[in-house]
Amino acid sequence: MKAFPKVTFLVHGGPNSIEAIRARGLARHLPAETTRFGFRTGGRAATARAWQQEVENHSSDFLYVLNTALPGAVVAPWWSVVRDQRYLLDTGDAVFEMARQSGVGGGLKLPLLWLFEQAAQRRAAAVVVRGSKHRELLLSRGIRRVEVIRDGFGEQVGCSPHDVAILRAKLRLGDQFVVGVMGSTVWSPRLGICYGWDLLEALAQLADLPIRGLIIGDGNGLGWLRRRAAELGVADRVVFTGRIPYGEVPLYLRLMDIAMSTQTNNLPGQVRTTGKLPEYMAAERFILASRVGEAALLLPELMLLDYEGEVDAGYPARVADRVRLLWNRRELLEVRRSMPVLAKSRFDYSVLSQQLVNLLRSLG
């Protein structure tokens with residue numbers, strides 16, 4: 001039998017990062033003796049030097065580059081030219097389009113980002129994406145091999161009703177109905193919003209009900225969210241947890257009666273699965289998602305809401321209406337019971353790792 005190819009994962013994150021968790025999850029069914037990991041070590045230059053040494057000292061049939069980021073998006077294509085080193089690029093976003101449409105890139109940053117992303121995709125032996133629409137997009141742009149290996153979810157441990165009750169008391173949520181979001185609270189200068197904005201706006205329209213908001217995560221937009229909550233008069237009805245350890249995510253998600261997952265209806269939103277979707281599913285949450293991207297393909301109709309364009313001013317009202325319906329008819333929340341089974345079949349790392357095994361074998 002032909003030996004399994006040797007694979008080195010180049011991870012744009014530290015050993016305990018979310019990228020590292022994905023790398024180890026995908027490597028679950030790979031032979032340990034033929035699998036290595038290189039993590040981010042300090043800045044980009046230091047990481048590039050460390051990875052250069054890794055590649056020189058330990059030959060690999062494939063490098064597996066986690067995310068279109070520096071230095072991996074530059075060094076991997078370069079090594080493919082000068083060393084004939086084959087690599088796979090794993091990306092969850094249309095990086096250039098996301099930066100352009102959010103307004104976070106200025107000057108030469110956007111053109112260089114476009115160049116790095118194009119080179120990394122076109123030199124790769126295969127591009128691994130997290131969503132079906134992303135695969136369709138890249139194939140339409142002439143990328144020769146694109147495979148879907150979706151985001152995974154963490155182990156569902158330490159989530160007993162007692163644990164949840166203790167955490168509810170700690171955060172002063174009591175037995176109130178909770179609508180929450182989890183994600184990076186990054187401010188978009190061009191769009192003038194931050195992830196979680198729609199939850200705050202919806203809460204302002206639900207002032208007559210004892211409903212609390214929960215925002216898990218941090219980023220440069222967290223201050224804006226706090227100020228906006230005060231402007232809307234809902235500051236006393238929102239709990240901001242900040243960043244939490246990844247191992248505690250399943251427990252915190254069980255605080256939510258409704259978990260929101262909003263993607264803008266533009267190209268960056270349409271190609272995404274987002275890591276939060278499988279986490280919500282595995283935690284058996286009722287998900288309220290915009291009808292965009294992978295969520296529109298996976299979730300039942302009751303969990304979906306229309307979203308128009310990049311910033312849909314009418315979306316919070318639709319969120320508020322659906323939350324009000326679910327508040328009044330709690331039996332509708334029971335559709336969430338089917339979510340863990342769906343998560344197990346589509347997002348479990350045992351499934352995802354076998355998909356990677358099959359891809360590597362097909363590449364030879």
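Two strands pair if DSSP finds at least two bridges between them. Helices (H or I, at least four residues) and strands (E, at least two) are DSSP runs, numbered from the N terminus. This is a predicted model: local features need pLDDT of at least 70, side-chain atom pairs count only at pLDDT 80 or more, and totals for chains, interfaces and linings use all residues. Residue numbers start from 1 along each chain as its sequence is written, and side-chain values use heavy atoms, without hydrogens or water.

- Six strands form an open sheet in the order 11-10-7-12-13-14, with parallel pairing.
- Strand 11 (238-242) and strand 14 (304-305) are the edges; each has a single partner strand, so one side of each lacks a neighbour in the sheet.
- Strand 7 (residues 177-182) and strand 12 (residues 258-261) run parallel and are joined by three bridges.
- Val179 has Ile258 in strand 12 as its bridge partner.
- Helix 14 (residues 315-328) packs on this sheet, touching strand 7, strand 10 (211-216), strand 12, strand 13 (286-290) and strand 14. Contact here means heavy atoms within 4.5 Å.
- The direction of helix 14 makes about 160° with that of strand 13. Axes are lines fitted to C-alpha atoms, for helices over the stretch in contact, and angles run from 0 to 180 degrees between N-to-C directions.

**Salt bridges**

- The structure holds 21 salt bridges. The criterion is a side-chain nitrogen of Lys or Arg within 4 Å of a carboxyl oxygen of Asp or Glu.
- Exposure classes are buried (under 20% relative accessible area), exposed (over 50%) and partly exposed (in between), with a 1.4 Å probe and protein chains only.
- Arg100 and Glu97 meet in a salt bridge at 2.8 Å, N to O. They sit three residues apart in helix 4 (residues 95-102), so about one helical turn separates them.
- Arg100 is partly exposed at 38%, while Glu97 is buried at 13%.
- Arg324 bridges to Asp208, with the closest N and O atoms 2.9 Å apart. Arg324 lies in helix 14 and Asp208 in the loop between helix 8 (197-204) and strand 10, so the pair ties together parts 116 residues apart in sequence.
- Arg324 is partly exposed at 26%; Asp208 is exposed at 52%.
- Arg291 pairs with Glu301, the closest N and O atoms being 3.0 Å apart. Arg291 is in the loop between strand 13 and helix 13 (293-298), and Glu301 is in the loop between helix 13 and strand 14, 10 residues apart.
- Arg291 is partly exposed at 30%; Glu301 is exposed at 51%.
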